Amino acid sequence: MALASMSSVQIGLAASVQLSHQIGAEATAWLRLAWAGAIVLLVVRPRRSAFTRRTFLICVALGVVTGAVTMFFMAAITRLPLGTASALEFLGPLTVAIVRSPNKWRPWPVFAAAGVVLLTEPWRGTIDLIGVAFALASAACWAAYILLTQLAGDEVSGVTALGVSMPVAGIVSTIAVGPWALGQVSWQVLLIGFGLAILLPVVPFTLEFLALRRLNTAAFGTLMSLEPAIALVVGLVVLLQVPSVLAMLGIALVVIAGVGAERSGARADQPQVREKSVVSG
């Protein structure tokens with residue numbers, strides 16, 4: 001599920017880069033999130049009785065960081081190669097993996113960190129600092145997203161939490177850029193945005209939500225080290241962004257880390273969803 005999610009994310013991002021050249025990064029992010037929120041709300045149709053006040057607020061917070069990670073990362077990939085931006089964003093789940101890992105001696109986070117360094121090549125001094133700032137902001141939001149997703153998944157059955165979080169993400173993006181972005185889109189672009197929303201974020205976020213019910217946060221964060229490698233491949237094939245030899249070595253390191261995490265990261269305790277009371281207030 002995590003691998004399918006990452007592949008869907010990177011293909012969706014590559015397609016979004018093309019659209020962002022036409023309508024801008026902010027409008028592209030808003031279009032995807034607004035459509036995704038509407039789609040998930042109609043499909044899931046969350047009931048108030050499925051949430052306590054605490055779990056409802058967790059889902060709202062998840063929606064805020066979902067909107068933020070999407071908008072920050074969309075801004076980053078308009079300034080950086082897809083593989084580089086993904087590697088920087090991976091610092092978020094990598095930090096989760098290092099801090100939360102129950103097995104401190106395992107080397108997977110170290111391998112992943114070395115891979116990220118080789119993928120970004122910070123010693124060159126030619127990287128776009130604004131793009132880096134957006135990617136790091138996305139990394140922070142992604143770390144919060146992982147933690148909040150597991151909290152929500154452990155307490156709300158199925159994908160019910162997405163019925164709140166995705167519409168909230170759509171509302172956040174609409175408040176942030178919607179009034180301006182609406183004037184940038186045509187009916188044709190609206191339909192393209194609908195397709196992109198299915199590819200990213202509806203499908204991958206649903207798969208990640210389900211994956212986090214089966215993996216601990218440390219294992220999931222390290223497994224996501226595969227994403228920069230997938231991003232480099234998609235960037236090469238779709239966007240013709242040719243990686244360097246060091247970047248290819250970085251791919252090997254993060255793949256090793258990802259395989260190690262997959263073999264050792266199953267959750268020992270499958271979550272038991274608690275009974276819910278109606279949200280009040």
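## Surface and overall fold

Accessible areas here come from the Shrake-Rupley method with a 1.4 Å probe. By that method, the protein exposes about 12,400 Å². Carbon and sulfur atoms supply 69% of this area. The model is predicted.

The protein has 12 helices and zero strands. Its pattern along the sequence is α-α-α-α-α-α-α-α-α-α-α-α. Of its 281 residues, 54% are buried. Take the contacts with a separation of 6 or more: residues 24 or more positions apart account for 91% of them.

## Nonpolar cores

The largest nonpolar core holds 29 residues. Phe51, Cys59, Leu62, Tyr145, Ala152, Ala161 and Met166 touch the most other members. Five helices each supply at least two residues of this core: H2 (25-44), H3 (53-77), H7 (129-155), H8 (162-181) and H9 (187-211). H7 gives the most, with seven residues.

Back in the largest core, Leu62 is among the residues that touch the most other members. Leaving aside neighbours within four places in sequence, Leu62 is in contact with Tyr145, Leu148, Thr149, Ala152 and Ser165.

## A nonpolar surface patch

In soluble globular proteins, nonpolar side chains tend to be buried together. Here, though, Val233, Leu236, Val237, Val238 and Val242 form a nonpolar patch on the surface. Together they have about 460 Å² of accessible area.

Val238 lies in helix H11, residues 226-239. Its relative accessible area is 44%, so Val238 counts as partly exposed. The cut-offs are 20% and 50%: buried means under the former, exposed over the latter.

Notes: Residues are numbered from 1 along each chain as its sequence is written. This is a predicted model: local features need pLDDT of at least 70, side-chain atom pairs count only at pLDDT 80 or more; totals for chains, interfaces and linings use all residues. Side-chain values use heavy atoms; hydrogens and water are left out. A nonpolar core is a set of buried Ala, Val, Leu, Ile, Met, Phe, Trp, Tyr and Cys residues joined through side-chain atoms within 4.5 Å. Buried means under 20% relative accessible area, exposed over 50%, partly exposed in between (1.4 Å probe, protein chains only). Helices (H or I, at least four residues) and strands (E, at least two) are DSSP runs, numbered from the N terminus. Contact means heavy atoms within 4.5 Å. Patches are made of residues with over 30% relative accessible area and no salt bridge: like charges are joined within 9 Å, nonpolar side chains (Val, Leu, Ile, Met, Phe, Trp, Tyr) within 5 Å. A salt bridge is a side-chain nitrogen of Lys or Arg within 4 Å of a carboxyl oxygen of Asp or Glu.
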